[in-house]
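I opened my notebook to get to know a structure that was new to me. Here is what I looked up, entry by entry.

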Amino acid sequence: MNNFFSPDGKIRPLVDHFNRVAGYFYTPDKNVCVDESLVGTRGRTAMLQYIPSKAAKFGVKFWVLAESASGYVHNIKCYLGKKFSPVTQLQQGTDVVLDLMRRSNLLNKGYHIICDSFFCSLDLAKRLLNLNTYITGTLRANRQMPLTIKNANIDVNETVYVRQGNILATAYKGRNGRKPVRMLSTYAHAASLNGKPAIIELYNKNMGGVDGADQLIHFYNDNRKSIKVWKKLAINLIHRMCNNAYILYKKNTCHMPIKSRLRFVQDVVEGLATEHLAAREDREGHVGRAIQPRRVVAIVRQIAGKTIVCQVAL
């Protein structure tokens, strides 16, 4: 295997540009979420993943850090697959969260991360606490946790709490026939809100940032069929740039009423097309003036009793 080869080589400059610009123009609020996003494709690539729970099922996976309230994507990272991703001593979810937060320069600033059971763990919570960062997320049954939470045998609408310092673990059963929901938080308190633990309400309110951004992207999806995987990824990143731009527009505009997202996208397309068409017309006009029509001269010769006509352009 070539040690210098990377399957994301063609789009890495665009990903780096996206992260640099997204971090430069906006600082997210306190609540941010980390999740995965699948760009649907069946092209041939070492990055191809199969996730049956997603609509596309096959595609390339992005690790995404986004603001919970608006869905503004602050940092994104392409998953290269087991063959090309570096192996660390940490769990994959722990490594992804720490890497995204470090690349975004958001550690040691009191941010609150919301993530699902793939990322959340007791080890991650302890590491983030040492970096002055908080976390709330669901826990898988096979992860390390207090036995009171892991083996919780509770009735409907019953809650069990276990706290160790700043780390709070919770088990809650919402209805019959459902398994208890296990959650971990270093931010929430052991309290009830609307008949449910406050930690669950906090999670449900702030977890949808990445999924909301993906939903907005697919509303005006103009993808074309292509076997080139890098084209699919590049178009997806451009859509994310446009969505981030619209979020910035809504937060900073003085226009009343605020443009709809459709109108905003149309204005962006028209602005880019106008500049391109003007440049092309100027280029074609310059070429047209430079090239003058050529004069054609016919030369007639008699050779061995035959008439030969030659045309020469001067």
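**Entry 1: a word to settle before starting.** I call a residue buried when its relative accessible area is under 20%, exposed when that area is over 50%, and partly exposed in between. I also remind myself that this is a predicted model.

**Entry 2: N236.** Is N236 buried or exposed? I found a relative accessible area of 11% for N236, which is under 20%, so N236 is buried. I placed N236 in helix 7. Setting aside residues up to four places away in sequence, I saw N236 touch V39 and F62. I also checked N223, which is 13 residues from N236 along the chain; their C-alpha atoms are 8.5 Å apart.

**Entry 3: the whole chain.** Stepping back, I counted eight helices and 13 strands. The chain has 314 residues, and 40% of them count as buried. Then I looked at contacts between residues at least 6 apart in sequence: 54% of these join residues at least 24 apart.

**Entry 4: helix 7 and a partner.** I went back to helix 7, residues 229-252, and looked at helix 6, residues 209-219. Their axes come within 10 Å and cross at roughly 105°. That angle falls in the range of 65 to 115 degrees, so I note helix 6 and helix 7 as roughly perpendicular to each other. Which residues meet here? From helix 6 I listed A213, D214, L216 and I217, and from helix 7 H239, R240 and N243. Sorted by type, the residues of this contact are three nonpolar, two polar and two charged.

**Entry 5: salt bridges.** Next I turned to charge. Side chains of opposite charge can pair when their charged atoms come close. How many salt bridges does a search of the whole structure find? The search gave me nine, and I followed up several.

- I found R12 and D8 joined by a salt bridge, with N and O 2.9 Å apart. R12 is partly exposed, at 38% relative accessible area, whereas D8 is buried, at 8%.
- I found K61 and E36 paired at 3.7 Å, N to O. This pair links distant parts of the chain: K61 sits in strand 3 (residues 58-67) and E36 in strand 1 (residues 31-40), 25 residues apart. Both K61 and E36 are buried.
- I found D99 bridged to R103, with the closest N and O atoms 3.8 Å apart. Both belong to helix 2 (residues 92-103), and because D99 and R103 are four residues apart there, about one helical turn separates them. D99 counts as buried at 17% relative accessibility, while R103 counts as partly exposed at 39%.
- I also noted a network: salt bridges that share partners join K259, R263, D267 and E270.

**Entry 6: a lysine without a bridge.** I finished with K173, in the loop between strand 8 (167-172) and strand 9 (181-185). How far from K173 is the nearest side chain of opposite charge? That side chain is D155, at 6.3 Å. A salt bridge needs a side-chain nitrogen within 4 Å of a carboxyl oxygen, and K173 has no salt bridge, yet K173 is buried. Leaving out neighbours within four places in sequence, I listed the contacts of K173 as I154, D155, V156, N157, E158, R178 and P180.

Notes:
Residues are numbered from 1 along each chain as its sequence is written. This is a predicted model: local features need pLDDT of at least 70, side-chain atom pairs count only at pLDDT 80 or more; totals for chains, interfaces and linings use all residues. Side-chain values use heavy atoms; hydrogens and water are left out. Helices (H or I, at least four residues) and strands (E, at least two) are DSSP runs, numbered from the N terminus. Buried means under 20% relative accessible area, exposed over 50%, partly exposed in between (1.4 Å probe, protein chains only). Lys and Arg count as positive and Asp and Glu as negative; His and the chain ends are not counted. Contact means heavy atoms within 4.5 Å. Axes are lines fitted to C-alpha atoms, for helices over the stretch in contact, and angles run from 0 to 180 degrees between N-to-C directions. Angles under 35 degrees count as roughly parallel, over 145 as roughly antiparallel, 65 to 115 as roughly perpendicular and the rest as oblique. Ala, Val, Leu, Ile, Met, Phe, Trp, Tyr, Cys and Pro count as nonpolar, Asp, Glu, Lys and Arg as charged, and the others, Gly among them, as polar.
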